[in-house]
Amino acid sequence: MPVGERNEAVTVVGAGLVGSLLSVFLARRGHTVEVLERRPDMRREVIDAGRSINLAISTRGLYALRQVGLEEEALRHAIPMRGRMIHPPKGALMYQPYGKDDSQHINSLSRAWLNKFLMSAAEATGKVRIRFRQRVSGVDLDQGVLTVVDEATGEERREEGRVVFGTDGSGSAVRQALEKVPGFESTSETLGHGYKELTIPPGPGGAFQMEKHALHIWPRGTYMLIALPNEDGSFTCTLFLPWKGPVSFESLDSPARLEAFFEEQFPDAKALIPDLTQAFFARPTGSMVTVKCAPWNVGGKAVVMGDAAHAIVPFFGQGMNCGFEDCTVLEGLLGKGGDWETLFGELARLRKTNADAIADMAVENFVEMRDSTGNPRFLLEKAVEKVLLNTFPGEFVSRYSMVSFSRVPYRLAYEVGAIAGGIVSELSEGLTRAEDVDLERAKRLIHERLVPFMKEHADGFRTEG
């Protein structure tokens, strides 16, 4: 029976960002949704302190919120970040705009605030029930049975007969059940770096102590510090270091070494973090993982989405945006009708190659952020890129603009980025100033290499923002 005619009860495992938004979409389609969340209700209890990594919500994520009428309220709590502010070890700050002008920006948004907002929006539909402290301990895909432990009471129960959506993160219990199915393939690669969250508090009267509308980066080669602005005037800082080695979390094993390290590498940040030592040693060190798997579903019984299907490292700011895009693609498929098995198979067909592409770009962007952003050649090429974006609108595009400021499929953004990057690199040879770029040569290269590719994939490039 077609999905649209059944409107049956379904189960969503995980009430994080993707699970909560997915529940809103499903409820709007008439489904009754039970959401099982292992954590306590974060609206009533403080949890996961020190593990947030602020969100950078951009076009794809905002589009998803717009479809359910939540974009406007989210933007009220967001801070536009128009570019990167680079903090070198010595010397003046350097600003790198993200887009061709200030209209192209990403937005800093509190992960905790957005998650709470989406859970409340889901419940407000009247069709979504979120049950907290519920741990899925077993998934029998043959019988369609979930084994669930109520961690508040210790009681175990069986839930049968519902379609299951696994949105339970990179360590997904639903994906682990899929891994037992013959033919299922899954990889999980942990990055050799961890992260630690720190805070720059607001100044007097809630003032921002650094540039408000920028993502701040202290690039240092094999490691870096970043900072994103918050509504209250504070900045959430995240230190990314190797796990082991001469400069690593392992090596910073005493307050004296930590203080000396920050004084040498991040002196301006150190002066703004009054509780540096206490926070560093009290807060957990997070790990980052890339997950790829296939298929995403078992027939019409279960499907994984968001990080459960495609966890990525945070260096392109697209993890949540990509997960939200899963929801909008699913919504489009729900509108066409069909049974769950057909729908889930089509979802994976449309999303798998794109999820893999952004996963690879996120790892590449880590190298760019921690190393290249302070390189004079990189700065020159970024300046040349901006000249081309403004001189050849609609013909020249960059990978970053495609990923962050459009809904062009990630796979196409990856491929077009390689072409555009090659053009910029060639045009930058021998230059000392971006304004001296040979625009006639640029036009020729763009029309020889980039325009034909975009015409060949015209349907993908027509996707609106």
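Is strand 2 (residues 33–37) largely enclosed by the rest of the structure or exposed, and why? In this predicted model, five of the five residues of strand 2 are buried, so the strand is largely enclosed by the rest of the structure. Residues count as buried when their relative accessible area is under 20%. Val33, Val35 and Glu37 point one way from strand 2, whereas Glu34 and Leu36 point the other way.

Strands of a sheet pair through backbone hydrogen bonds, in either a parallel or an antiparallel sense. Strand 2 pairs with strand 1 (residues 10–13) in the parallel sense, over four bridges. Within this pairing, Val10 has Val33 of strand 2 as its bridge partner. The chain passes from strand 1 through helix 2 to strand 2, forming a β-α-β crossover that is right-handed. Strand 2 is also joined to strand 8 (residues 128–132), by five bridges, and these two strands run parallel. Here the bridge partner of Val35 is Ile130 in strand 8.

Three strands form an open sheet in the order 9-10-11, with antiparallel pairing. Strand 9 (134–140) and strand 11 (156–160) are the edge strands, each pairing on one side only. Neighbouring strands of this sheet are turned by 25° against each other on average, with direction ignored. Strand 10 (residues 145–150) is joined to strand 11 by five bridges, and Thr147 stands opposite Arg158 in strand 11.

In soluble globular proteins, nonpolar side chains tend to be buried together. The largest nonpolar core of the model contains 67 residues. Leu21, Leu114, Leu118, Phe165 and Phe324 have the most contacts inside this core. Helix 2 (residues 17–28) supplies the largest share of the core, eight residues. Beyond residues up to four places away in sequence, Phe165 touches several others, including Val10, Val12, Leu22, Leu26, Trp340 and Phe344. Another core, of 57 residues, lies apart from the largest one; among its members are Leu380, Val384, Val416 and Met454.

Leu380 and Val384 are also among the buried residues of helix 13, together with Phe378, Glu385, Leu388 and Leu389. Helix 13 (residues 376–391) has 16 residues. The distance from its first C-alpha to its last is 23 Å, close to the 22 Å expected at 1.5 Å a residue.

Notes
Residues numbered from 1 in each chain as written. Predicted model: local features only at pLDDT ≥ 70, side-chain atom pairs only at ≥ 80, totals over all residues. Heavy atoms only, no water. Pairing = 2+ DSSP bridges. Axes fitted to C-alpha atoms, helices over the stretch in contact; angles between N-to-C directions. Core = buried A, V, L, I, M, F, W, Y, C linked by side-chain atoms within 4.5 Å. Buried < 20%, exposed > 50% of the residue type's maximum accessible area, 1.4 Å probe, protein only. Contact = heavy atoms within 4.5 Å. Expected span 1.5 Å × (residues − 1). Right-handed = clockwise from strand over helix to strand, strands pointing away.
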